[in-house]
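Subject: Handing over the structure

Hello,

I'm passing this structure on to you, with the sequence alongside. Please open it first, then read my notes below.

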Amino acid sequence: MNHRVEASADASPARPKDRRGETLRQRVMRYALLALVVYLIWCGTLYFSQDRLIFPGAFSSLARGGSPTPPAGVERVMLAMADGVEGTAWFAIGAGRAPESPGAAVVFFHGNHETVEGASLLISEYTRRGVSVLVPEYRGFGGAKGRPSERAIVADSVAWVEWLSAREDIDAARVVLHGRSL
C-alpha cells in the first residue's frame, strides 16, 4: 500500500487572517493609507497656517485689539516709514540723559511671539543705568499697522535706528542692537 499525495501546482496555502478577516497585507495597507492621510492633513495645516507659525505675535489677541499702553516714563513714538506705513515704538530716555549729556542707547527687538508690552522690565533696567531704549513694534504686531515680512522688518529697523541716532540726547556712536528670536 503505497499512499502518495500529490500537490497541485496552483494550490497555495491559505493566508492567515485576523479576527476581522483581514490578512496581514491588508492590515499593513490600511495603516499605510491612514498614515498617508494624516501626513497630508498635517502638510495642509502647515501650508495654510504658515503665517501664524512664522509671525505668531501678529495674530495675538493684542494685535487684533489695539495698541498696548506704555508704562509711566515711556512714550509712544510714531514714525512714517518709506512705504507710507506708520510705524510705532516705545521710547524711554536713560536716567541723566539730555542734549547736554547724550548717552548710549539700545534698540531692542522683541521676540516673534511677543509685543512691545513684554519689554517693560527690560526698559526700566536699561533706563535706570542711564541707557535710553527704543522698542519698535513689528508690523502687524501689538496693534501696529501693516503686514509683517522680512523686507519690512529690515527697512523699519533701519528707519528706527536712524531716528534714534538723530536725537540730540543720544550718542549715535553708542547705539546698540539687542534682540531675541528674530
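Leu36 is partly exposed, at a relative accessible area of 45%; here buried means under 20% relative accessible area, exposed over 50%, and partly exposed in between (1.4 Å probe, protein chains only). You will find Leu36 in helix α1 (residues 24-48). Helices (H or I, at least four residues) and strands (E, at least two) are DSSP runs, numbered from the N terminus. Together with Leu33, Val37, Tyr39, Leu40 and Ile41, Leu36 makes a nonpolar surface patch of about 610 Å². Patches are made of residues with over 30% relative accessible area and no salt bridge, with nonpolar side chains (Val, Leu, Ile, Met, Phe, Trp, Tyr) joined within 5 Å and like charges within 9 Å. Accessible areas come from the Shrake-Rupley method with a 1.4 Å probe, and for residues only the protein chains shown count as cover.

Some background on the model: it is predicted, so local features need pLDDT of at least 70 and side-chain atom pairs count only at pLDDT 80 or more, while totals for chains, interfaces and linings use all residues. Residues are numbered from 1 along each chain as its sequence is written, and side-chain values use heavy atoms, leaving out hydrogens and water.

The average pLDDT (the predictor's confidence in each residue, from 0 to 100) is 84, and 80% of the residues score at least 70. Confidence is highest in β4, at 97, and lowest in helix α3 (residues 61-65), at a mean of 49. Where pLDDT is low, the predicted coordinates should not be read in detail.

Now the overall layout. The protein has five helices and five strands, in the order α-α-α-β-β-β-α-β-α-β along the sequence. Of its 182 residues, 34% count as buried.

What sits inside? The largest nonpolar core has 16 residues, and Phe91, Leu134, Trp160 and Leu164 have the most contacts inside it. Such a core is a set of buried Ala, Val, Leu, Ile, Met, Phe, Trp, Tyr and Cys residues joined through side-chain atoms within 4.5 Å. Two or more residues each come from β1 (75-80), β2 (86-92), β3 (103-109) and α5 (150-165), and α5 gives the most, with four. Beyond its neighbours within four places in sequence, Leu164 is in contact (heavy atoms within 4.5 Å) with Phe91, Ala105, Val106, Val107, Leu134, Ile170 and Val175. Another core, of 11 residues, lies apart from the largest one and includes Trp90, Val106, Ile123 and Val133.

Last, the salt bridges. With a salt bridge taken as a side-chain nitrogen of Lys or Arg within 4 Å of a carboxyl oxygen of Asp or Glu, the count comes to seven.

- Arg139 and Asp156 meet at 2.7 Å, N to O. Arg139 is in the loop between β4 (132-136) and α5, Asp156 is in helix α5, and the two are 17 residues apart. Both are buried.
- Arg167 and Asp169 pair at 2.8 Å, N to O. Arg167 is partly exposed, at 23% relative accessibility, whereas Asp169 is buried, at 9%. 
- Glu125 pairs with Arg129, their closest N and O atoms being 2.9 Å apart. Glu125 is partly exposed, at 30%, and Arg129 is exposed, at 55%.

Enjoy looking around!

Best wishes
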